[in-house]
Amino acid sequence: MSAPRVAIVGATGAVGAEFLRVLDERAFPMRSLRLLASPRSAGTAIGFRGERHVVEALGDRSFDGVDVAFFSAGGGTSREWAPKAAVAAGAVVVDNSSAFRMHDDVPLVVPEVNRAAIAGHRGILANPNCSTILLVLALEPLRRAAGLRSVVVSTYQAASGAGQRAMDELREQTRRVLAGDGPPKAEVLPWPLAFNLFPQVDVFQADGFTKEEDKMLFEVRKILGMPELPVDATCVRVPVERCHSESVSVQLERALTVDEARALFAAAPGVVLKDDPARQGYPMPLDFAGVDEVAVGRVRVARVFSPGLTFWLCGDQLKKGAALNAVQIAEAL
Ligand code: A2P
């Protein structure tokens with residue numbers, strides 16, 4: 001098979017830029033590259049592998065002759081255009097939005113965890129929510145070794161999860177506070193994030209959980225093939241630029257010692273272990289931004305769940321949490 005012709009929808013966004021970096025870094029084979037965004041960005045030039053690519057406005061002919069289309073331009077754009085790309089133009093879509101993740105005929109894939117699901121696709125594959133991807137990479141080795149009964153997780157999510165404009169807003173707010181230019185204004189995010197945090201990612205649901213917290217519940221269940229797994233998530237936005245963190249407690253079927261759990265994490269694909277309390281060694285966003293793997297540390301035997309474990313993880317939201325995972329799905333295809 002010859003190299004695919006690739007399109008990126010949302011090429012001017014934070015994940016779009018990361019797609020280009022990851023495709024280049026992994027020497028992803030491609031015959032051609034088409035960059036698509038809203039009419040606002042049409043005509044903008046972006047360099048890739050020494051060539052200048054002009055961004056085009058997404059339109060009816062955008063997917064003509066395209067084999068693989070990466071979508072990261074929000075749920076509305078995916079809902080409207082992904083079926084056109086997949087059905088009308090015959091491209092395989094890897095969609096980063098939440099639009100199709102829970103559809104029965106759309107595989108929701110983290111290749112290290114459920115690669116086999118890819119085979120069932122009918123033109124659209126979904127890339128899971130960023131916090132979910134990081135979490136399942138750490139849950140899977142525990143599930144295999146000791147069985148999983150329930151999960152309690154709190155996230156510490158970077159501005160990058162809300163897109164390039166949120167990252168810009170965090171920088172501008174921080175500058176305003178340091179310059180004494182008055183209170184920071186929030187336009188993209190619901191509240192000022194500089195020197196602050198807020199326990200809300202996405203909108204609230206009737207039961208008091210947010211949509212992001214629901215995504216973690218339902219997507220973890222689908223990826224792990226555990227439709228009854230209880231997952232209590234609390235998702236928090238923190239003033240970190242890129243790279244999410246999570247505090248996780250799990251109830252297991254069988255007990256694991258800390259050393260056994262550390263060995264499982266160290267051997268798991270897509271996971272690195274950084275757990276050295278004697279030297280204050282644990283994963284932090286600054287150290288794992290730009291890194292492919294999710295990093296796990298602070299592993300200890302849980303005090304509330306028995307048997308159970310409590311641990312901490314960090315992973316680059318734009319990379320493994322979005323672009324890298326999508327590119328790995330395309331590689332597996
Ligand atoms: P544009 O830059 O032209 O607005 P982020 O998540 O970082 O905010 O990026 C969102 C990406 O999705 C951008 O590339 C943005 O393009 C693109 N986008 C947003 N709305 C549309 C739309 N209606 N059609 C095509 N692309 C869109």
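This is a predicted model: local features need pLDDT of at least 70, side-chain atom pairs count only at pLDDT 80 or more; totals for chains, interfaces and linings use all residues.
Strand β9 spans residues 148-157 and is joined by eight bridges to strand β11, residues 244-252, with the two strands running antiparallel. Within this pairing, Thr155 stands opposite Glu246 of β11, while Val151 stands opposite Val250, again in β11. Towards strand β10, residues 231-237, β9 makes seven bridges, and here the two strands run parallel.

These pairings belong to an open sheet of six strands, ordered β10-β9-β11-β14-β13-β12, in which the pairing is mixed. Strands β10 and β12, the latter covering residues 271-273, stand at the edges with a single partner strand each, so one side of each has no neighbour in the sheet. From one strand to the next, the twist averages 25 degrees.

Helices also pack on this sheet. Helix α6, made of residues 211-224, lies across β9, β10 and β11 and runs at about 135 degrees to β10. Helix α7, residues 258-267, touches β12, β13 (294-301) and β14 (308-315), and its direction makes about 170 degrees with that of β13.

**The parallel sheet**

Another open sheet is formed by six strands in the order β5-β2-β1-β6-β7-β8, and its pairing is parallel. At its edges stand β5 (56-57) and β8 (124-126), each of which has a single partner strand, so that one side of each is left without a neighbour in the sheet. The partner of β8 can be followed in detail: strand β7, residues 92-95, is joined to β8 by three bridges, the two running parallel, and Asp95 has Ala126 of β8 as its bridge partner.

Helix α9, residues 319-332, packs on this sheet and touches β6, β7 and β8, with a direction that makes about 160 degrees with that of β6. Helix α1, residues 14-25, lies across β1 (5-9), β2 (32-37) and β6 (68-71), and it runs at about 150 degrees to β1.

**Where α4 meets α9**

Helix α4, residues 130-146, has an axis that comes within 8 Å of the axis of α9, and the two cross at roughly 90 degrees. The two helices are therefore roughly perpendicular to each other. On the α4 side the contact involves Cys130, Ile133, Leu134 and Leu137, which meet Lys320, Gly321, Ala322 and Asn325 of α9. Sorted by class, the residues of this contact are five nonpolar, two polar and one charged.

**Surroundings of the ligand**

The ligand is surrounded by 15 residues, of which the closest are Thr12, Ser38, Arg40, Ser41 and Gln164.

| Residue | Part of the residue | Distance to a ligand oxygen atom |
|---|---|---|
| Gly10 | backbone N or O atom | 3.2 Å |
| Ser38 | side-chain N or O atom | 2.6 Å |
| Ser41 | side-chain N or O atom | 2.3 Å |

For Gly10, by contrast, the atom concerned belongs to the backbone.

Key. Residues are numbered from 1 along each chain as its sequence is written. Side-chain values use heavy atoms; hydrogens and water are left out. Two strands pair if DSSP finds at least two bridges between them. Helices (H or I, at least four residues) and strands (E, at least two) are DSSP runs, numbered from the N terminus. Contact means heavy atoms within 4.5 Å. Axes are lines fitted to C-alpha atoms, for helices over the stretch in contact, and angles run from 0 to 180 degrees between N-to-C directions. Angles under 35 degrees count as roughly parallel, over 145 as roughly antiparallel, 65 to 115 as roughly perpendicular and the rest as oblique. Ala, Val, Leu, Ile, Met, Phe, Trp, Tyr, Cys and Pro count as nonpolar, Asp, Glu, Lys and Arg as charged, and the others, Gly among them, as polar. A residue is near a molecule or strand if one of its heavy atoms lies within 4 Å of it. A polar contact is a pair of N or O atoms within 3.5 Å; within protein, one must be able to donate a hydrogen and the other to accept it, and residues adjacent in sequence count only if both atoms are side-chain atoms.
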